Structure formats: structure tokens, C-alpha cells
Amino acid sequence: RHENPWRMVQSETPSPRQQLLTLGLTPREADVLFWMTEGKQNREIATILGRSLETVQEHVANLVHKLGQENRHATTVFALRHLQR
């Protein structure tokens, strides 16, 4: 099992999930995008989240469209920049 990225840490800094949700994403889209920023491929994300590969591919396509990016790579870079703020 992977460490829970949403574990609440006693800090005033919002969690990565909270930061990604400010982009207008669904909780599941935020989960997928987080794992994309961790360098995970779709098949790995599907395993981590207990979803099918096709479902994760749909989430990635929705993320690319929703965030106005050209592809998965650009979406990941966009998210990483957002998380650095």
C-alpha cells in the first residue's frame, strides 16, 4: 500500500488535495492529478485507487480538457506549478 497523501498534517499549509480542489476538480480528479504529479502512469494510478485503467484514462482526459491543457504532460506541469504556490 502507498502512504496516504491526504493525511492531515498539523500545519497551516493546505494539503495537496485541498490545493488541487481549488482548481474546480472533483475529489477523484484531484486524486488522479496528485498521482500524476508523483510520476505515476495510468496503470499505476488505477492500481493505487482501485479503479480500472479505462476509468483513470477518462479522468486524465477530463483533467486535460478541464484545465485547458494540450496533453497529460502539460497538465502535470500545470498542477506542479499550482502546488508550488
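Which exposed residues does the face of H4 turned away from its buried side carry? They are Glu58 and His65, where exposed means over 50% relative accessible area and buried under 20% (1.4 Å probe, protein chains only).

The model is predicted: local features need pLDDT of at least 70, side-chain atom pairs count only at pLDDT 80 or more, and totals for chains, interfaces and linings use all residues. Residues are numbered from 1 along each chain as its sequence is written, and side-chain values use heavy atoms, with hydrogens and water left out.

Helix H4 covers residues 53-66; helices are DSSP runs of H or I with at least four residues, numbered from the N terminus. Its 14 residues reach 20 Å from first C-alpha to last, close to the expected 20 Å, which is 1.5 Å times one less than the number of residues. Leu53, Val56, His59, Val60, Leu63 and Val64 are buried in H4. Viewed down the axis of H4, these buried residues fall within an arc of 140°, so they line one face of the helix; the arc is taken from the directions between the helix axis and the C-beta atoms. They pack against helices H2 (27-37), H3 (42-49) and H5 (72-84), contact meaning heavy atoms within 4.5 Å. After H4 comes glycine 68, with a positive phi near 70°.

Two of those partners, H2 and H5, also meet each other. Their axes come within 9 Å and cross at roughly 95°; axes are lines fitted to C-alpha atoms over the stretch in contact, with angles from 0 to 180 degrees between N-to-C directions. H2 and H5 are therefore roughly perpendicular, the term for 65 to 115 degrees. Leu33, Met36 and Thr37 of H2 touch H5 residues Arg72, Thr75, Thr76, Ala79, Leu80 and Leu83.

Key
Helix = DSSP H or I, 4+ residues; strand = E, 2+ residues; numbered from the N terminus. Parallel < 35°, antiparallel > 145°, perpendicular 65-115°, else oblique.
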